[in-house]
Amino acid sequence: MTLADLSSFSIVMPAFNVVEQRGEAVFRETLASIAASYRYLERTYPRPLRGELIIVSDGSTDATCAVASEAWPAEVPLQLVGLPTNGGIAAARNTGVRLAHGEVIFFCDADDLYRPEHLFLALSILNQPLPEPYSTPTAPVYFGAVRTGIYCRDRLHPYWQKTLEQTLVLNLAVRREVHEFIGGFPEEAVFRQFRFGAEDAAYAHWLHRFCHTAHLEQKTVEYRRFAGSFFDRQLAKFQAAPGTVPEDLSATDLEQRQQIEAIMAARLQNLQAKVSQLAIA
């Protein structure tokens, strides 16, 4: 793959009743932050890149679609996809990627924020070959994904700060072929039922075993906390040293976590078999 081959990207945003749940102002802030990052990229990147935002309205019954259509700048390509029923964040993201035209995929939930430099920094790294010893003059190897730092207004313990940066997809840019290779986000029902969220952690578990990932210290996205959100429910844990805050897991939670771990292990085994078959071919 040459540097010129990487020339397009898509930002996938799942959205379910975000106007009703977070408020129109929050949703507009998110859209404005992505548009600002898009414009920064256009001004700063040395050559044109084709980009788009794909909003997957996951069975929304509020004004999410109307606000998105009105608030997003007309000069920036937008795909607004309305799903008839709520299928969950994993299915919405996978739908968005299937409809995407970009060679690089970014993700943003409908209540988080991009900083202006986010798209520029991630795409700049993905368009560079790996340094030695990973790459040679005759067989360059490219990063399959990039992770940047995450800004949070709440103080987090350094361990959990790093953990979030390694597992969330808000700060991730991934080559489309890598996403497709690992099979996307897990859509099994147990992931939706598990109240602590596990789709991002599962995706990261598979992703980073099959591609080189660049890690940037710059905090180019903001992970926002809202009352009742996963982040809010876990705040005490995230602010303390690991192992010092007991996990609030019921018997059902423990059973679901075991199911999730089994699914993660099974897919990992299948992916390792796929790699072996490709090597033989």
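**Helix packing and cysteines: a short walk-through**

Let's start with helix H9. Its buried residues are Glu199, Asp200, Ala202, Tyr203, Ala204, Trp206 and Leu207. That is seven of nine, so H9 is mostly covered. Keep in mind that this is a predicted model.

What does H9 meet in H12? On the H9 side, the contacts come from Ala201, Ala202, His205 and Trp206. On the H12 side, they come from Ile263, Met264, Arg267, Leu268 and Leu271. By class, that contact has seven nonpolar residues, one polar and one charged.

Now the geometry. Two packed helices are described by the angle between their axes and the distance between the axes. H9 covers residues 199–207, and H12 covers residues 251–280. Their axes come within 10 Å and cross at roughly 25°. Angles under 35 degrees count as roughly parallel, so H9 is roughly parallel to H12. The crossing of H9 past H12 is right-handed.

Next pair: H2, residues 24–44, and H5, residues 118–126. How do the axes of H2 and H5 cross? At roughly 55°, coming within 7 Å. That makes H2 oblique to H5. H2 brings Ser37, Tyr38, Tyr40, Leu41 and Thr44 to the contact. H5 answers with His118, Leu119, Phe120 and Leu123. By class, we have six nonpolar residues, three polar and no charged ones.

Val178 is found in helix H7, residues 176–182. Is Val178 buried or exposed? Buried, because its relative accessible area is 11%, and the cut-off is under 20%. Leaving out residues up to four places away in sequence, Val178 touches Gly144, Leu207 and Cys211. Leu207 is one of the buried residues of H9. Cys211 is buried too, with a relative accessible area of 16%.

Last topic, the cysteines. A disulfide is a covalent bond between the sulfur atoms of two cysteines. Cys65 is partly exposed, at a relative accessible area of 29%. Cys211, by contrast, is buried.

Technical notes. Residues are numbered from 1 along each chain as its sequence is written. This is a predicted model: local features need pLDDT of at least 70, side-chain atom pairs count only at pLDDT 80 or more; totals for chains, interfaces and linings use all residues. Side-chain values use heavy atoms; hydrogens and water are left out. Axes are lines fitted to C-alpha atoms, for helices over the stretch in contact, and angles run from 0 to 180 degrees between N-to-C directions. Helices (H or I, at least four residues) and strands (E, at least two) are DSSP runs, numbered from the N terminus. Angles under 35 degrees count as roughly parallel, over 145 as roughly antiparallel, 65 to 115 as roughly perpendicular and the rest as oblique. Contact means heavy atoms within 4.5 Å. Ala, Val, Leu, Ile, Met, Phe, Trp, Tyr, Cys and Pro count as nonpolar, Asp, Glu, Lys and Arg as charged, and the others, Gly among them, as polar. Buried means under 20% relative accessible area, exposed over 50%, partly exposed in between (1.4 Å probe, protein chains only). A crossing is left-handed if the near helix is turned anticlockwise from the far one by less than a right angle, and right-handed if clockwise.
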